[in-house]
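Have the sequence and the 3D view open side by side. The paragraphs below go from a pocket to the cores, then to single elements.

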Amino acid sequence: MKIKAKNETLFDIVSLGEVMLRLDPGHGRVRTTRTFDVYEGGGEYNVARGLRRCFGLRGAIVTALADNEVGRLVEDCILTGGLATSYIQWRKYDGIGRSVRNGLNFTERGFGVRGAVGVSDRGNTAISQLKPGDIDWDSLFSQGVRWFHTGGIFAALSDTTAAVVKEAVIAAKKYDTIVSYDLNYRPSLWEGIGGQAKAQEVNRELAKYIDVMIGNEEDFTACLGFTVQGVDQGLTNLETDSFKKMIETATRDFPNFQVVATTLRGVKSATINDWGAIAWSRESGFVESTHRQDMEIFDRVGGGDSFASGLIYGLLEIGDLQSSVEYGAAHGALAMTTPGDTTMATLAEVKKLATGGSARVVR
């Protein structure tokens, strides 16, 4: 891939997607809690924020928020995350959220045999109402953007958001910006608009424009229609060779893919997972990250997004696919040791873990 030089660009990373307010009951449950911790999060946003806060790259988020106190709280969180906010579309609030509102995501972490649970409240959100023509993509990309990231969560929000993705990625390609896409299949988002069949229709059309395609165990099946042989229903048996065969098929169907990466998560319990990743590029073929068996999980939400940001950092700054997938897997692992969707890791911690470091105390 031909990646623009840093000195030719305004941003290293720009993401397009919804930013929601996450309400977290801590160690308790949504249905019984009386207090929540508050974070911001969103599948596409988390990637750009990770690249800014952990990896020190220049980033921006393209999103939309209702202009009220909740929207301004989300903005305050975004500012803490270090991303440029000049591309936030602010929509007039009608007083009760009848026409436009901000998204809320109630998320409990799970423990042991009790899995994590996410309950999103995102109907009629400002970002879901974006339509082609609302964003001046030429103005953004003409200033110089090295990498553009979006994904299947944003594409599923409404009848118009997939068209916004298509408009954005076509503009990005016009200005020689690398485009990545995380399939991020969420059954609840597609359920009322055509289910898995609609997800495949939308994502297969958008896949034609993607340089770097990212997904997890079920994404490539649900969103693109590829079969991964030998994966059991509980996602406890993940054979690397099966994913390699699936990736070979995917890259034949979509010759525009320059890199394909997938996380491998074997779910033994909510707090014990096997974790690793594989990646493929046209130059390097297949590479695998360190596979971490029986990894302890504090909060799994955002682990895949943090994998994506580590992978992108490696591709942008190191250029070696093996290092990139190691950085991605290490960053995802570290992100799952802390609460919230977004990373609290440092680049030094990622480097240490990616190169074989341990959890020995640092004093």
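How do the residues of the lining of the largest pocket divide into nonpolar, polar and charged? There are 16 nonpolar, 20 polar and 14 charged residues. Here Ala, Val, Leu, Ile, Met, Phe, Trp, Tyr, Cys and Pro count as nonpolar, Asp, Glu, Lys and Arg as charged, and the others, Gly among them, as polar.

This is a predicted model, where local features need pLDDT of at least 70, side-chain atom pairs count only at pLDDT 80 or more, and totals for chains, interfaces and linings use all residues. Residues are numbered from 1 along each chain as its sequence is written, and side-chain values use heavy atoms, with hydrogens and water left out.

Stay with the pocket. Its 50 lining residues include Asn-184, Tyr-185, Arg-186, Arg-300 and Val-301, which lie nearest its centre. A pocket is an open set of points on a 1 Å grid over the protein atoms alone, where a 1.4 Å probe fits, with protein on both sides within 12 Å along at least five of seven lines; lining residues have an atom within 4 Å of a point.

The largest nonpolar core holds 58 residues, and Leu-16, Trp-137 and Phe-148 have the most contacts inside it. Such a core is a set of buried Ala, Val, Leu, Ile, Met, Phe, Trp, Tyr and Cys residues joined through side-chain atoms within 4.5 Å. Buried means under 20% relative accessible area (1.4 Å probe, protein chains only). Helix α5, residues 161-174, gives the most to this core: seven residues. Helices are DSSP runs of H or I with at least four residues, strands runs of E with at least two, numbered from the N terminus. Apart from this core lies another of 48 residues, among them Ile-13, Val-47, Ile-78 and Trp-147.

Look along α5. Its buried residues include Val-164, Val-165 and Ala-168. Leu-16 is in contact with these three, and also with Trp-137 and Phe-148, among others. Contact means heavy atoms within 4.5 Å. Cover for the buried residues of α5 includes β1 (11-16), α3 (137-142) and β8 (145-151). Just after the helix, Asp-176 takes a positive phi of about 60 degrees.

Move on to strand β10, residues 212-215, which contains Met-213. Met-213 counts as buried because its relative accessibility is 0%. Leaving out residues up to four places away in sequence, Met-213 touches Tyr-181, Leu-183, Ala-207, Phe-220, Phe-257, Val-259, Val-260 and Ala-261.

Finish at α11, residues 321-335. Of its 15 residues, 13 are buried.

Terms used. Buried < 20%, exposed > 50% of the residue type's maximum accessible area, 1.4 Å probe, protein only. Expected span 1.5 Å × (residues − 1).
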